[in-house]
Amino acid sequence: MPATQGIAAGHQPPVISCRQLSKRYGSVEALRSVSFDVERGEIFGCIGPDGAGKSTLFRILATLLRADSGRATVEGLDVQKDFRAIRRRLGYMPGRFSLYQDLSVEENLSFFAAIFGVTVRESYPLIRDIYGQLEPFKARRACKLSGGMKQKLALCCALIHKPSVLLLDEPTTGVDPISRREFWEMLARLRQQSITIIVSTPYMDEAMRCDRIALVKDGAFLQIEAPQSIISRFPQALWSVQGDPMYGLLKDLRRHEDIMAAYAFGDAHHATVRSERITPRQLGENLKALGYLNVEVKEIQPTIEDCYMHLTADS
Amino acid sequence: MRNTLARSAQHLSIYVENLTKRFGSFTAVDNITFSVERGEIFGFLGANGAGKTTAMRMLCGLSKPTSGSCVVAGYDVSREPEKVKQSIGYMSQKFSLYEDLKVWENIRLFAGIYGMGEKLIASKTEQTLAHLGFEAERNTLVKALPLGWKQKLAFSVAIFHEPEVVFLDEPTGGVDPATRRRFWEMIYQAAERGVTVFVTTHYMDEAEYCNRVSIMVDGRIEALDAPKNLRQRFGASGMDAVFQRIVEK
């Protein structure tokens, strides 16, 4: 029961605690009785596609939206009753670019500082690493920044009042792989300063950068655990299969009676296999007999993406 | 010169030579040269701000090159941009369909814009809905569709008028892993029918599904080859590592 782990182990109270949170928009159940805790200094990832309910959860925690039922606290404060106090402790980076496009980098930062009644100078140590990369462009209007730089500026603005909790809603969507990696390196440094971070992402590979993750689908949390534990629970044998041509190979793998599912994974296909009935070597021979060239079959460790696809396979 | 260009362009859906775009003193696209064969799936990769969008806008006839030449589907983008627009399809994650129109209305609208006749539109609409398994959604407003369905519909609409080339600008952002893969199978099917696919993506596993990819850095194409060859050349296990090495060089 991961939701009560922290309390049971006698740690400090959780920084974020949700119990049976539900939210519905008309006939759409955006959140279905979601419960979880986040401990201080954790990076907690909500991993799932658009429409899974991640933004709804974040907006409830950011005190911008009321849940229909259930309870949520941030730093022990109730999201409904104590919303003013929460807003002083919380930095929120919404999914859509939220800064003023017509203000410069510097003006955006001063504006957010002024709103929270702080100065850029007193918060500077916290954002120095990130803002340092933007400083050469400080006079540039926010609308003229590249995707990666916009994200960095939005992160600076979310940190300007020195929050103890950061809510980052899809901070890396649409951002190139290099900026994504840099962004996660920044989060790792913030974590060292005991800032608690909840972050959502549709990129499954980013899950490995989190201490714990929730796999989210259709408003429900499917699993809440450390990424490695989720991987170790993958219930089937998983093989990587290569061979030319790849698209035909995928279709033939799906027709094979000992293969339960096959999906393209970059330069190889991943197949879940009834391994009691066939060996990688036998499958390789089968495929060569069908005329495939450069066939290679080997057993592999699943990735989070394999796990997610397995957990959501029947829907 | 023009003759060789025209001749060499015959098997090519896209032919770009020394293409450059400057905005004031800033060179967004810096003298790029490449070509894409008919029926090829070509991945157009690069960091944010590398010039991909500017290049793609020129290829689609939406922006005039500062210099260089660019022939798409047999038409020169500088001289006949309207012909180019008629011969291509375009889909981006940000905008593709009208949310407040029904499924069939979106198909009807786009097909009409591309000048297709009523009868052809009617019969192809049935075909497309059947192929997608969307018969029951004909009268559904697009905004009520799940994202994955919208994307499939947007792609079908983009190739509905049977363009020679389809441009896909980050088509799979935000969708779940299974939907992302089903979308790529649609791309494969289109390419098998001879549609040339020009696609940008930030998912490096998707770069592997392309016949060839180019990687843009600061307005230039720094690498262009089949993913397998790029992996070998850079001694990298995946396209993610290839990308990091080229962009950070």
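Start with the phenylalanines in chain B. B:Phe34, B:Phe42, B:Phe44, B:Phe167 and B:Phe198 are linked into a cluster by ring pairs. This is a predicted model, so keep that in mind throughout. Over all chains, the structure holds 17 aromatic pairs.

B:Phe34 and B:Phe42 come up as stacked, because their ring centres are 5.4 Å apart and their planes sit at 10 degrees. Both of these residues, B:Phe34 and B:Phe42, are buried.

Now B:Phe167 and B:Phe198. Here the ring centres are 5.1 Å apart, but the planes are at 55 degrees, so this pair counts as tilted. What does the pair tie together? B:Phe167 belongs to strand 7 of chain B and B:Phe198 to strand 8, residues 196–200, so the pair ties together parts 31 residues apart in sequence.

As background, most residues other than glycine have a negative phi. B:Asn18 has a positive one, near 50 degrees. Where is B:Asn18 found? In strand 1 of chain B, residues 12–23. Its relative accessibility is 36%, so B:Asn18 is classed as partly exposed.

B:Glu170 is in the loop between strand 7, residues 165–169, and helix 7 of chain B.

Next, the interface. How many residues of each chain are in contact? 33 of chain B and 29 of chain A. The area buried between the two chains is about 2400 Å². Carbon and sulfur atoms give 54% of that area.

Among the salt bridges in the model is the one where the side chains of A:Asp267 and B:Arg231 meet, at 3.6 Å from N to O.

Which elements of chain B give two or more residues to the side that touches chain A? They are helix 7 (177–192), helix 8 (204–207), helix 9 (227–233) and helix 10 (239–247). Helix 7 of chain B gives the most, with 8 residues. Sorted by class, that side of chain B has 11 nonpolar, 10 polar and 12 charged residues.

Over to chain A. Start with the overall picture. Chain A has 11 helices and 14 strands. Along the principal axes, its C-alpha atoms fill a box of roughly 70 × 45 × 40 Å. Of the 315 residues in chain A, 53% are buried. Look at contacts in chain A with a separation of 6 or more: 68% of them come from residues 24 or more positions apart.

Which ones? A:Lys54, A:Thr56, A:Leu57, A:Phe58, A:Ile60 and A:Leu61. Just after helix 2 of chain A comes A:Thr63, with a positive phi of about 65 degrees.

The second stop is A:Ser123, in helix 5 of chain A, residues 120–134. A:Ser123 has 1% relative accessibility, so this serine counts as buried. What does A:Ser123 touch, leaving out residues up to four places away in sequence? A:Val118, A:Ile160 and A:Lys162.

The last stop is a peptide bond. In general, most peptide bonds are trans. The one that joins A:Asp244 and A:Pro245 is cis, with omega about -5 degrees. Where does A:Pro245 lie? In the loop between strand 11 (237–244) and helix 9 (246–255) of chain A.

To close, back to the cluster: B:Phe34, B:Phe42, B:Phe44, B:Phe167 and B:Phe198, linked by ring pairs.

How values were computed:
Residues numbered from 1 in each chain as written. Chains lettered and ligands numbered in written order. Predicted model: local features only at pLDDT ≥ 70, side-chain atom pairs only at ≥ 80, totals over all residues. Heavy atoms only, no water. Contact = heavy atoms within 4.5 Å. Buried area = accessible area lost by both parts, 1.4 Å probe. Salt bridge = Lys/Arg side-chain N within 4 Å of Asp/Glu carboxyl O. Helix = DSSP H or I, 4+ residues; strand = E, 2+ residues; numbered from the N terminus. Nonpolar A, V, L, I, M, F, W, Y, C, P; charged D, E, K, R; others polar. Buried < 20%, exposed > 50% of the residue type's maximum accessible area, 1.4 Å probe, protein only. Phe/Tyr/Trp six-rings, centres within 6.5 Å; stacked < 30°, edge-to-face > 60°.
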